[in-house]
Amino acid sequence: MEEIVPVCPVCSGKVTVKEVEKIVKGGSNVAILKVKAGVCSKCGERIYSKDTHEKIQKIRKELELGKTEDFEVIGRAYRYKVTA
Ligand SMILES: [Zn+2]
């Protein structure tokens, strides 16, 4: 993960690499990805490496096109508008 900067670009906090869940939407499909990201200990900003970023874009495109053979189905996605 040498591409991830050790210092947060937003607040200059310390960034540590963690495995995080990222929700990606493409069209009406949604996937939860487990990805490595640098997480700022101060503001929570997530920083992805270039490779991870490109992979996320690719997955978003696959979701859009409905190419989900490689994805594990874990449930349904719902939409609910909270008007309170
Ligand atoms: Zn920060």
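What share of the contacts in the chain with a separation of 6 or more comes from residues 24 or more positions apart? I take this up in point 3, after some notes on the model and the overall layout.

1. **What we are looking at.** This is a predicted model, in which local features need pLDDT of at least 70, side-chain atom pairs count only at pLDDT 80 or more, and totals for chains, interfaces and linings use all residues. Residues are numbered from 1 along each chain as its sequence is written, and side-chain values use heavy atoms, with hydrogens and water left out.

2. **Layout and overall form.** The chain holds one helix and three strands, arranged along the sequence as β-β-β-α. Its radius of gyration is 15 Å, well over the 12 Å that the globule rule gives for 84 residues, so the chain is more spread out than a compact globule. For reference, helices (H or I, at least four residues) and strands (E, at least two) are DSSP runs numbered from the N terminus. The radius of gyration is taken over C-alpha atoms, and the globule rule is 2.2 Å times the number of residues to the power 0.38. Along the principal axes, the C-alpha atoms fill a box of roughly 35 × 35 × 20 Å.

3. **Contacts, burial and surface.** Back to the opening question: residues 24 or more positions apart account for 47% of the contacts with a separation of 6 or more, where contact means heavy atoms within 4.5 Å. Of the 84 residues, 26% count as buried. Here buried means under 20% relative accessible area, exposed over 50%, and partly exposed in between (1.4 Å probe, protein chains only). The chain exposes about 6800 Å², and carbon and sulfur atoms supply 50% of that area. Accessible areas come from the Shrake-Rupley method with a 1.4 Å probe; for residues, only the protein chains shown count as cover.

4. Side chains of opposite charge can pair when their charged atoms come close. A search of the whole structure finds four salt bridges, each being a side-chain nitrogen of Lys or Arg within 4 Å of a carboxyl oxygen of Asp or Glu. One of them joins K34 to E21, with the closest N and O atoms 4.0 Å apart. This pair links distant parts of the chain: K34 belongs to strand β2 (residues 29–40) and E21 to strand β1 (residues 15–26), 13 residues apart. K34 is exposed at 57% relative accessible area, whereas E21 is partly exposed at 48%.

5. **Salt bridges in the helix.** E62 and K58 meet in a salt bridge at 3.3 Å, N to O. Both lie in helix α1 (residues 50–65), four residues apart, about one turn of the helix. E62 counts as buried, at 19% relative accessibility, while K58 is partly exposed at 46%. E62 is also in contact with K67 and F71, leaving aside its neighbours within four places in sequence. Another salt bridge brings together the side chains of E64 and K61 (3.7 Å, N to O). E64 and K61 are three residues apart in helix α1, a separation of about one helical turn. E64 is partly exposed, with a relative accessible area of 46%, and K61 is partly exposed, also at 46%.

6. **A backbone detail worth a look.** S12 is not a glycine, yet it has a positive phi of about 70°. S12 sits in the segment before β1 and is exposed, with a relative accessible area of 56%.

7. **The segment after the helix.** T83 is found in the segment after α1 and counts as exposed at 70% relative accessibility. Y78 is found in the segment after α1 and counts as exposed at 69%. The C-alpha atoms of Y78 and V20 are separated by 22 Å, and these residues are 58 apart along the chain.
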